[in-house]
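The exercises below ask you to read a two-chain model element by element, with a worked solution after each task. Please keep the sequence and the structure at hand while you go through the steps.

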Amino acid sequence: MTLVLRRLPLLVLLLAAISAAVFALTQALPGDPAFIAAGGGDATPEMIAHARERLGLDRPLWVQYALYMRNALAGDFGRSLVNRKPVIEDLAAFWPASAELALAAIAISAAIGIPLGVLSAVRAGRWLDRLITPGSVFLGSMPIFWLGLMAVLVFYRVLDVLPAAGRLTVGLAPPPAVTGLLLVDSLLARDLTVFADALAHLVLPASILSVISLAMITRVTRAAMLDILHEDYLRTARAKGLSEPRVVLKHGLRNASVPIVTVVGIQLGQLIGGVVVTETIFSWPGLGLYAVTAVENQDYPAILAFTLLATVVYVVINLAVDVLYPLLDPRMRG
Amino acid sequence: MATEGAAAAGAPIRSPMRLPRFFRGGTPVLLATAVLAIAGLMTLAPELFTRRDPNAIAYLERLQPPSLAHPLGTDENGRDVWARVVHGARPTLAAAVSLIALSLAAGSLAGLVIGAAGRRTDEALMRVTEFFLALPQIVWALALTSVMGRGLVNCVLALAVTWWAQYARLMRAQVLGVRHREFVLASRALGQREWRILLRHLLPNCFSPVLVKATIDVSLAILLLAALSFLGVGAQPPLPEWGAMVTIGRKYLLDYPWYATFPGLAIFVVVLAFNILGERLRDVLDPASGLHERAGR
């Protein structure tokens, strides 16, 4: 808890700097916002002047920043230039899809990467271990959007076993929204048809996204396990007759958990860029696709709100990783 | 490396060709070098690889599968995909290399100054780099290009805005490591000016980890720039940049799969080559670092 408190001032400073940077972007936007707000081409000079006053654009820059911050803290990011809805409503509608995708991806890469890393450390030098490094360089060299397209070709076009776009088959009614995560909501509603359909739609995008973090999680797990496999307490555990899996998993993995949890957390943050790309490949209706569409339409309020939100999420995830250390490692408490 | 292990164990293994040490990393290193040599040649002289005009439109020949006349098929305007891949090497690689060169130059300079400056300046400038590292790269590149305008050059600038900070921190750590070494003290005692010490003594002695990072980062730069093209803010048509080609090919993916496949394959092969050479460079120049430095990024 003290660590959180100690980091709080820095976090506040960082968030202020980030919001100032986004505000600076609003100042750099092409076009006169008062002209646009007054209705564009047909606006008279009086209408433009009126709009300027109404938007506070005639005030000093720091007042404008204060206004921007006040609105942002109240969740007011203006209206989308495309659908005229408040941007915050769109963000609220689209974020669960992104969260579901990112969480599924990190779960897949942890579920594969951690056992893989443990196995290759336990059998260091054997064939599996020797495949890890070249394998991770190989996978890490693939452009993820290209890998995604190739996966669509194989699993949708050729094998026809998985859907290639969206979260649900068109025509299927989504379950009542509780968490916004379709897998959870469909289970809550006991609707197995929707659950299976949502799962089928999630498999390809989440697997492709998981490739980004898989290699790093595997390599860090392997390194962390190698570091502790020769520790005395593992020898003691063996000496008192514990089975080898128990030694490795209970006494080994647990003590290697700090770097592993750290890398999983950092990778979750790193996924943000990948989410944008993956959603574009698979027409996944999340924030990433929303942002890319906004960029296409030059929908500036939407772009800037997404930028602010994504950056804050990124910063908070990284902070959470820092704060998690002492919970896992009692030596770091105090 | 397995071969090195054998050599260290005392086995009298000698490369019969007496290659420089860098190239004694086995087949992958040689293949990667060959790939980059070919890619470099494509960048400098694409005419050596194809006589076709990458922008010659021939509607009658649109979307043809690979054949003898068109080894990688044709695109939606009947342009030869092989010619476009060959001519695409220049924009793709030049953008990635200039992005890294720009970030490296700005970051190293900043890091040199931060590391050599006093405690207060150091503290303040480190906070500044922390700010830039706190920005997710693709998200900010999207935001910046939507304000500055699309295109490959703006993408390079937008990514450099966040990238330089990584080099600044790496360079600072290096400077702090050598600042109090004897040769620096000696040249100061000899009365050399501070900036001269910085450039002549600190810089050269800090550079190998920075160079290793730069090599690996070129591969990352190719991937990120291609991703930005895929998202629509990068290279604009008709420029045959590889990422942009995959993007357009995506529209024809299900019926004409070769179109998106080959430019993406080109990205993959070149990125793989840069990664292999980067790892090799690390083994040769900077054996102590390794996984941990990359994991901490």
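Helices, which are DSSP runs of H or I with at least four residues, and strands, which are runs of E with at least two, are numbered from the N terminus. The model treated here is a predicted one.

**Exercise 1. Describe the secondary structure and overall dimensions of chain A.**

Step 1: Counting the elements of chain A gives 14 helices and 0 strands, and read from the N terminus their order is α-α-α-α-α-α-α-α-α-α-α-α-α-α.
Step 2: Along the principal axes, the C-alpha atoms of chain A fill a box of roughly 85 × 55 × 40 Å.
Step 3: Chain A has 334 residues, of which 37% count as buried, and among its contacts between residues at least 6 apart in sequence, 69% join residues at least 24 apart.

**Exercise 2. Characterise the side of chain B that touches chain A.**

Step 1: The contact involves 36 residues of chain B and 40 residues of chain A.
Step 2: At least two residues of this side are supplied by each of the chain B helices H5 (137–148), H8 (194–230), H9 (242–251), H10 (258–285) and H11 (291–295), and H10(B) gives the most, with 9 residues.

**Exercise 3. Examine the geometry of helix H6 of chain B.**

Step 1: Helix H6 of chain B covers residues 152–178, that is 27 residues, and its span from first C-alpha to last is 38 Å, close to the 39 Å expected at 1.5 Å a residue.
Step 2: At Val161(B), H6(B) bends by about 40°.

**Exercise 4. Which residues have the most contacts inside the largest nonpolar core?**

Step 1: The largest nonpolar core has 161 residues, and those with the most contacts inside it are Ala291(A), Phe306(A), Leu99(B), Ile222(B), Leu225(B) and Ala227(B).
Step 2: Taking Leu225(B) as an example and leaving aside residues up to four places away in sequence, it touches Ala95(B), Ala96(B), Leu99(B), Cys155(B), Gly234(B) and Gly243(B).

Note on methods: Residues are numbered from 1 along each chain as its sequence is written. Chains are lettered from A and ligands numbered from 1 in the order in which they are written. This is a predicted model: local features need pLDDT of at least 70, side-chain atom pairs count only at pLDDT 80 or more; totals for chains, interfaces and linings use all residues. Two residues are in contact if their C-beta atoms, placed from the backbone, lie within 7 Å. A residue is buried if 20 or more other C-beta atoms lie within 10 Å of its own, exposed if 12 or fewer, and partly exposed in between; C-beta atoms are placed from the backbone. The expected span of a helix is 1.5 Å times one less than its number of residues. The bend at a residue is the angle between axes fitted to the seven residues ending there and the seven starting there. A nonpolar core is a set of buried Ala, Val, Leu, Ile, Met, Phe, Trp, Tyr and Cys residues joined through C-beta atoms within 7 Å.
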